[in-house]
Amino acid sequence: MTSVGVLIGSLSKDSYSRKVANYFTSLPSNLTFVELNYSILPLYNPDFERTNTPMEWQAFRKAVDSVDALMIVTQEYNYSIPGGLKNALDVLSVPSPNQHLMGKPVLAMTDSAGEKGGIIANAHLHQILRYLGMRVMNCTIAIGNVQSVFKDGQNHDPHLAQQLKQDIRDFERFITETNLPAEACIDLHDHFSYQPGKELALLNDNGDKIATVAIKSLNGNVVSIEEVSVSENYRGQGMANKIMTMFMWLVEGADCQVEAHCQFAKHYFETHPQFKNFLL
Ligand SMILES: Cc1cc2nc3c(=O)[nH]c(=O)nc-3n(C[C@H](O)[C@H](O)[C@H](O)COP(=O)(O)O)c2cc1C
């Protein structure tokens with residue numbers, strides 16, 4: 001059974017984010033959900049990494065290591081994610097780069113009393129999770145008017161009910177499909193060089209190119225992937241996947257579309273379905 005740790009952004013006992021999480025986790029799936037409560041975590045302070053590391057940090061990191069994936073449901077506080085949730089993510093982000101979130105699949109959703117469903121917090125959360133090297137399911141679930149839609153813990157919006165049913169099925173598939181070893185993920189300490197419209201390269205400590213994606217700008221916001229290559233000494237270590245993932249993050253950030261003109265890139269999109277919707 002695949003286990004999913006649930007982080008809820010609100011500490012309120014009557015939280016609507018919790019109601020959404022309870023509803024979502026009760027939908028039909030083969031996933032087992034367990035809440036990972038982070039409310040007792042001391043605020044992150046790097047001084048306590050070497051000595052007197054709080055037991056709560058250690059226990060929480062172990063709990064996250066023990067699950068296959070994470071799901072985060074949060075409300076928006078002041079145009080971002082709540083401080084407690086950010087603290088929990090900060091605690092999990094250390095030690096770097098072999099931290100506890102790297103490569104873990106995650107589904108993020110937001111809700112709010114207003115119409116926009118906490119979309120700003122949603123975007124911030126996606127950005128943080130991607131920065132941490134998590135495998136973020138590529139979807140936007142932002143539930144507006146949460147207090148009326150989930151007024152007694154039930155979902156009163158039939159359209160949303162249909163969408164969430166599909167989302168949980170997609171999430172289950174996403175976890176299995178992306179069950180690649182964490183090493184296949186981007187190490188954020190790697191060095192890169194980027195020449196827009198020409199090349200993205202991963203560099204070693206001497207500045208030599210380890211892997212490159214050769215690109216060409218086409219009309220509009222379209223980039224063609226001409227070739228993905230890895231220097232001989234670095235083959236067989238997942239470098240081509242690494243550089244492609246880095247490239248797709250750039251594409252995502254620039255709101256571009258891509259054409260795959262080489263065999264490897266075509267294969268990459270088969271094995272990384274989260275990026276398929278960027279393909280023309
Ligand atoms: C301190 C604070 C800041 C808030 N900031 C926002 C905000 O920026 N955007 C928004 O849509 N709602 C905001 N809200 C409203 C919450 O999203 C709303 O009350 C939500 O339902 C609370 O979530 P919960 O029921 O899970 O605790 C804020 C609420 C509080 C208490």
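Trainee: Is Asn78 buried or exposed?
Mentor: Asn78 counts as exposed, because it has 9 C-beta neighbours inside 10 Å. The cut-offs are these: a residue is buried if 20 or more other C-beta atoms lie within 10 Å of its own, exposed if 12 or fewer, and partly exposed in between, with C-beta atoms placed from the backbone. Please bear in mind that this is a predicted model, in which local features need pLDDT of at least 70 and side-chain atom pairs count only at pLDDT 80 or more, while totals for chains, interfaces and linings use all residues. Residues are numbered from 1 along each chain as its sequence is written.

Trainee: Where does Asn78 lie?
Mentor: Asn78 is in the loop between strand 3 and helix 3. Helices (H or I, at least four residues) and strands (E, at least two) are DSSP runs, numbered from the N terminus.

Trainee: What about the phi of Asn78?
Mentor: Asn78 is not a glycine, yet its phi is positive, at about 50°. Its C-alpha atom is separated by 9.7 Å from that of Gly118, 40 residues apart along the chain.

Trainee: And what is the phi of Asn145?
Mentor: Asn145, also a residue other than glycine, has a positive phi near 50°. Asn145 belongs to the loop between strand 6 (141–143) and helix 5. With 17 other C-beta atoms within 10 Å, Asn145 is partly exposed.

Trainee: Turning to helix 3, which of its residues are buried?
Mentor: In helix 3, residues 83–92, the buried ones are Leu85, Ala88, Leu89, Val91 and Leu92. They are on the same side of helix 3, because they cover an arc of only 160° around the axis. The arc is that of the directions from the helix axis to the C-beta atoms.

Trainee: What do the buried residues of helix 3 pack against?
Mentor: They pack against strand 1 (2–8), helix 2 (55–65), strand 3 (69–75) and helix 4 (119–131). Contact here requires two C-beta atoms, placed from the backbone, to lie within 7 Å.

Trainee: Which residues does the cis peptide bond join?
Mentor: The cis bond joins Val94 and Pro95, with omega at about 0°. Pro95 is located in the loop between helix 3 and strand 4 (105–111).

Trainee: Where is Leu132, then?
Mentor: Leu132 sits in the loop between helix 4 and strand 5 (135–136). Leu132 is buried, as 23 other C-beta atoms lie within 10 Å. Not counting residues up to four places away in sequence, Leu132 touches Ser93, Leu101 and Met102. The C-alpha atoms of Leu132 and Met102 are separated by 6.2 Å, although these residues are 30 residues apart along the chain.

Trainee: How many residues of strand 1 are buried?
Mentor: Five of the seven residues in strand 1 are buried, so that strand is mostly covered. Strand 1 runs parallel to strand 2 (residues 31–35), and five bridges join them. Across this pair, Ser3 stands opposite Thr32 in strand 2. Two strands pair if DSSP finds at least two bridges between them.

Trainee: What is Glu35 in contact with?
Mentor: Leaving aside neighbours within four places in sequence, Glu35 is in contact with Val6 and Ile8. Glu35 is found in strand 2 and is partly exposed, with 14 other C-beta atoms within 10 Å.

Trainee: In what order do the strands of the open sheet come?
Mentor: The five strands of that sheet come in the order 7-8-9-10-11, with mixed pairing. Strand 7 (191–195) and strand 11 (257–260) are the edge strands, each pairing on one side only. Strand 7 pairs with strand 8 (residues 199–203) in the antiparallel sense over five bridges. Phe192 stands opposite Leu202 in strand 8.

Trainee: Lastly, which residues come nearest to the ligand?
Mentor: Of the 16 residues around the ligand, the nearest are Ser10, Ser15, Ser17, Gln75 and Ser112. A residue counts as near if its C-beta atom, placed from the backbone, lies within 6 Å of the molecule. Helix 1 (16–25) and helix 5 (146–149) each supply at least two residues of the shell.

Trainee: How is the shell divided by class?
Mentor: The shell has five nonpolar, 10 polar and one charged residues. Ala, Val, Leu, Ile, Met, Phe, Trp, Tyr, Cys and Pro count as nonpolar, Asp, Glu, Lys and Arg as charged, and the others, Gly among them, as polar.
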